[in-house]
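Morning, everyone. Let me put one protein on the screen and walk you through it.

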Amino acid sequence: MPPFLAVAASPVLVFGTLGGVQAISDALGPDSVTMDEDDIEVHSYSEVSTSHCAAKPVAVVTPKNTEEVSTIARICSEYKIPMIPFAGGSSVEGHFTAPYSGLSVDFSQMNQVVAFHEEDMDVVVQPGVNWVDLNNSIKDSGLWLPMNPSPTALIGGMVATNCSGTNAVRYGTMKDWVVNLTVVLADGSIIKTRHRPRKTSAGYNLTGLFTGSEGTLGMITEITLKLAPIPEKQSVAVVTFPSVRDAVACASKIMRQGVPIAAVELMDEVQMGVINKNGGSGGRMWEEKPTLLFKFSGTAQSIAADIAKVEKISSQGGGSTFEFAKTEQDMHNLWSARKEAVWAMCAQRPEGTQIWSTDVAVPLSRMPEIIDLSKKESSALGLFSSVLGHVGDGNFHQAVMYDPSNPAQTQAVRDCVKKMVHLAIEMEGTVSGEHGIGLGKKECLVEELGPETIAVMRTLKRSLDPHCLMNPGKIFEP
């Protein structure tokens with residue numbers, strides 16, 4: 001199924017759904033459950049998502065603690081009602097859609113920091129905690145969670161999709177920061193995947209199993225996260241290039257030479273133009289050329305040395321107008337273009353069109369080739385097409401605006417998507433670097449991993465969720 005096409009409503013897999021909803025309302029209180037059409041719509045569709053379906057959840061429930069989630073799962077298991085976890089609603093692969101209807105389980109009220117162990121450099125949170133709010137609340141300790149996805153993302157969804165963001169070059173992905181999880185299984189059972197030490201060799205890695213499982217194996221209700229020291233200093237630099245291929249080749253060279261970059265992001269000339277059409281950012285208008293944005297962290301002396309190295313390599317690779325931040329305000333202004341990129345695209349989207357946005361990742365040496373080829377393919381569509389890339393770790397995103405009511409445009413975008421995905425797999429890459437599989441990339445996952453590996457995943461799914469009630473229709477068909 002192409003990642004941008006609506007999925008037809010499937011036969012609802014529940015019997016007596018309304019009876020189950022009533023049982024949940026009786027157990028948790030009527031304020032915990034809503035069947036309001038507006039609430040259901042919010043939990044069914046997202047403007048930034050690439051995957052939608054015609055079916056919707058019957059109701060939305062908002063638990064407040066692990067015990068209430070367990071009650072929900074137990075009743076849904078009894079009534080055979082699908083459960084669809086909902087966190088910040090910022091995923092782009094349709095993770096919170098309800099192709100088999102069921103119950104949307106909204107974790108926004110489970111937003112407490114349960115415990116902060118400053119000396120151990122870890123924190124225990126509920127899934128509805130926003131990562132920006134968490135960092136603001138603990139910043140006086142000198143610690144932070146260094147992930148940097150959408151500012152609206154909640155930690156439960158970040159764990160469920162194994163997200164990353166711009167800081168992955170230095171700090172890795174979400175899986176590298178999860179110590180343990182409390183999970184409610186399909187039958188209402190509550191498990192904790194491990195204790196709190198930073199390393200363990202005790203048994204199967206269940207923490208890793210549930211991280212990135214997209215809510216298909218259980219509902220995450222508590223997360224223990226490692227924290228890192230906030231860097232002493234940070235800075236940002238920006239440089240433009242004559243072509244996307246030149247920019248990506250320069251980024252690869254910087255990584256190969258071991259410069260300790262905190263982040264390196266690519267924005268193509270189209271994306272820089274969108275920022276300008278939206279009024280610019282950081283109090284300025286930008287050159288509409290392929291642009292690399294770098295983050296640096298460390299001591300003032302080490303940052304100055306790293307900036308000098310990057311400026312030299314960039315100049316040798318065709319870069320020009322190299323600019324680096326001299327003050328903290330400069331840093332925020334220079335990084336603002338990357339921070340506002342997605343929202344600028346949404347603001348410029350013509351009425352009646354949709355944004356298809358997805359990502360792939362390849363080995364670093366193949367980045368210049370795949371981005372160059374993918375950009376040429378998408379540019380040939382005659383539609384708005386833009387490239388954003390976490391080029392320091394081989395991950396890039398492509399966005400195309402198209403009219404879903406136009407069959408020719410839809411087919412053209414479908415073909416473009418397939419070519420990009422096939423190319424990534426041929427390069428020993430992945431169909432999803434950080435967005436997950438969700439509703440839209442199931443066929444792509446089979447192509448990447450093969451039926452034997454998918455069969456192992458299905459076996460795990462059946463063991464933990466024999467009635468396929470946990471977010472059915474995601475990763476693979478039930």
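Start with charge. The protein has 39 positive and 53 negative charges, and their mean positions lie 6 Å apart. Here Lys and Arg count as positive, Asp and Glu as negative; His and the chain ends are left out. Each charge is placed at NZ of Lys, CZ of Arg, CG of Asp or CD of Glu.

Some ground rules. This is a predicted model: local features need pLDDT of at least 70, side-chain atom pairs count only at pLDDT 80 or more, and totals for chains, interfaces and linings use all residues. Residues are numbered from 1 along each chain as its sequence is written, and side-chain values use heavy atoms, without hydrogens or water.

Now the overall fold. We have 16 helices and 20 strands. Those are DSSP runs, numbered from the N terminus: helices are H or I with at least four residues, strands are E with at least two. The C-alpha trace spans about 65 × 60 × 45 Å along its principal axes.

Of the 478 residues, 56% are buried. Buried means under 20% relative accessible area, exposed over 50%, partly exposed in between, with a 1.4 Å probe and protein chains only. Next, contacts, meaning heavy atoms within 4.5 Å. Among those between residues at least 6 apart in sequence, 73% join residues at least 24 apart.

Zoom in on helix α8, residues 244-256. Its 13 residues should span 18 Å at 1.5 Å a residue, and its end C-alpha atoms are 18 Å apart, so the two agree. The expected span is 1.5 Å times one less than the number of residues. Which α8 residues are buried? V244, A247, V248, C250, A251, S252 and I254. The buried residues of α8 pack against β15, α9, β16, α10 and α13. After α8 comes G258, with a positive phi near 75 degrees.

Two residues other than glycine also have positive phi. K80 is near 60 degrees. K80 sits in the loop between α3 and β5, and counts as partly exposed because its relative accessibility is 29%. E428 is near 65 degrees. E428 sits in the loop between α14 and α15, and at 72% relative accessibility E428 counts as exposed.
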